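Hello,

Here is the structure I promised to pass on. Please open it alongside this note; my findings follow below.

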Amino acid sequence: MLDYLPTGIQLTYLLAASLFMIGLKQMGSPATARKGNLLGAVGMLLAVVATLLDKQVLSYGLILVAIAIGSAIGSLIAYKVAMTDMPQMVGLLNGLGGLASSLVAVGEYWRIVSHGQAIATDVNISIIASILIGNITFTGSMVAFAKLQGIMSGAPIRFAYQQTINILLLVAFGVGSTLLIANPADLAGFIGINIISLLLGVLFVIPIGGGDMPVVISLLNSLSGVAAAAAGFVVMNNVLIIAGALVGASGLILTQIMCKAMNRKLGSVLFSGFGTASGTSVANADGASKNFHSIDPEECAMMLGYARSVVIVPGYGMAVAQAQHAVRELADMLERKGVEVKYAIHPVAGRMPGHMNVLLAEANVPYSQLYDMDDINSQFETTDVALVIGANDVVNPAARTDQASPIYGMPILEVDRAKNTIVIKRGMSTGFAGVDNELFYQDKTMMLFGGAKDMVGKLAAELKQL
């Protein structure tokens with residue numbers, strides 16, 4: 001029976017890899033994302049069980065204890081973390097994935113060296129790659145988490161000779177890696193490249209502003225996958241290589257999609273310091289204040305209640321206020337009055353890719369009402385009211401009309417083409433890009449000032465009176 005065990009293990013790995021691919025495909029659509037996530041989880045369970053059966057371990061008891069502790073912590077986090085804090089959790093999990101890959105490489109290096117064994121060159125290179133990518137992912141993700149959580153400023157952090165220091169650290173890592181390949185038992189060199197790679201992760205993320213966080217999150221996700229694939233080569237585990245490659249490739253594709261949605265090049269995202277933690281209201285170039293039209297909840301409710309079609313545009317302001325359930329209730333009330341309701345989703349609305357989709361799914365918004373930017377833009381001209389809830393940069397017409405604007409060329413939701421636009425916002429501050437929004441000052445735009453959840457609740461109350 002033992003003679004057939006490796007075949008059984010490899011077949012299990014093949015099944016797990018197939019589930020990963022099918023699950024990844026299904027996570028491309030909100031309608032099938034939950035099923036895809038479940039298939040991926042089942043595949044990972046099969047991979048873990050098969051690995052435990054295939055490899056000799058020091059103690060199954062200790063591994064079971066570790067699994068129990070990790071499962072308890074993971075379940076508690078998943079239960080306690082609010083949907084609005086999901087970007088932070090994704091960043092944290094990306095970092096822990098990178099750290100796990102790095103620790104695998106460190107453990108394997110220590111095991112070989114402590115037994116006085118020679119390290120094959122290919123294994124040594126895999127260890128170095130896993131340490132570099134894993135440590136950068138870990139510390140970079142921790143900085144991203146701190147920025148998103150408000151522990152540190154979300155504004156770009158820059159200092160003199162920053163890029164020069166980064167280049168010197170990369171050169172030092174390259175020199176240290178070369179020496180380590182020549183002399184694998186050089187423990188000081190091994191510790192040195194670990195410290196350098198950890199520093200690189202911090203310096204990699206601190207100059208990136210809040211406006212680019214969706215790109216950073218997806219890029220770090222890709223790096224965590226690459227680190228896992230490198231760790232797979234270290235321990236020669238096929239399913240780890242496959243899973244890491246899938247995460248790395250899909251994360252890179254998503255990063256490209258995010259850059260395209262922002263009309264930015266990846267190099268510009270990483271090195272330009274674009275975006276601010278929070279904006280302030282902006283005046284005209286001559287210092288004069290711009291004029292805008294405000295509206296109260298009663299007037300707003302009348303516009304919505306007597307409209308034939310309403311497109312709701314959710315943004316990060318809705319997420320912060322946790323107003324998704326209130327928005328769903330408002331939409332249900334409008335539909336009962338015969339109003340056609342749709343939701344317009346911008347690829348980079350929020351703090352991570354798919355942020356708005358996740359929030360609306362939690363509120364059980366029908367998937368059939370969710371429209372991507374490319375599908376909804378052509379419908380705004382026939383829309384009676386575009387209701388913008390906490391969105392800013394992704395609806396700024398300057399991206400289409402002002403060649404001097406730093407966001408010029410960024411694809412936006414063209415809500416300014418609707419017959420009327422209502423913007424729910426606390427004030428006239430700028431968005432994460434630090435750019436004033438022309439939409440707020442247009443004749444067809446009405447500003448409803450206040451928190452998203454509070455204002456949507458007042459709108460629902462007024463609608464009941466119609």
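Start with Asp 384 and Arg 308. Their side chains form a salt bridge, with N to O at 3.6 Å. Keep in mind that this is a predicted model. Asp 384 sits in the loop between helix H15 (373-376) and E5, while Arg 308 sits in the loop between H11 and E2, so the bridge ties together parts 76 residues apart in sequence.

Arg 308 is exposed, with a relative accessible area of 58%.

Asp 384 has another partner to look at. Its side chain also meets that of Lys 419 in a salt bridge, 3.4 Å from N to O. Lys 419 belongs to the loop between helix H16 (398-401) and E6, and Asp 384 to the loop between H15 and E5, so this pair ties together parts that are 35 residues apart in sequence. Lys 419 counts as partly exposed, at 38% relative accessibility. Put together, Arg 308, Asp 384 and Lys 419 are linked in a network of salt bridges.

Next, Arg 400 and Asp 416. These two form a salt bridge as well, and their closest N and O atoms are 2.4 Å apart. Arg 400 is in helix H16 and Asp 416 is in the loop between H16 and E6. The pair links distant parts of the chain, 16 residues apart. Asp 416 counts as buried at 10% relative accessibility. Arg 400 counts as partly exposed at 28%. How many salt bridges are there in the whole structure? A search finds 8.

Now the sheet. It is open and has 7 strands, in the order E1-E7-E6-E5-E2-E3-E4, with parallel pairing. Which strands are at the edges? They are strand E1 (293-294) and strand E4 (370-372), each pairing on one side only.

Look at strand E2 (residues 309-314) and strand E3 (residues 340-345). They pair in the parallel sense over 4 bridges. Val 310 stands opposite Val 341 in E3.

Two helices to check against the sheet:

- Helix H11 (residues 297-305) packs on the sheet and touches E2, strand E5 (385-389), strand E6 (420-425) and strand E7 (445-449). The direction of H11 makes about 140° with that of E6.
- Helix H13 (residues 324-336) packs on the sheet too, touching E2, E3 and E5. The direction of H13 makes about 145° with that of E3.

Last, some backbone angles. Tyr 161 is not a glycine, yet its phi is positive, near 60°. Tyr 161 lies in the loop between helix H5 (121-149) and helix H6 (162-182). At 66% relative accessibility, Tyr 161 counts as exposed.

Asn 364 also has a positive phi near 60°, in a residue other than glycine. Where is Asn 364? In the loop between helix H14 (355-362) and E4. Asn 364 is exposed, with a relative accessible area of 53%.

Over to you.

Best wishes

Conventions. Residues numbered from 1 in each chain as written. Predicted model: local features only at pLDDT ≥ 70, side-chain atom pairs only at ≥ 80, totals over all residues. Heavy atoms only, no water. Pairing = 2+ DSSP bridges. Contact = heavy atoms within 4.5 Å. Axes fitted to C-alpha atoms, helices over the stretch in contact; angles between N-to-C directions. Salt bridge = Lys/Arg side-chain N within 4 Å of Asp/Glu carboxyl O. Buried < 20%, exposed > 50% of the residue type's maximum accessible area, 1.4 Å probe, protein only.
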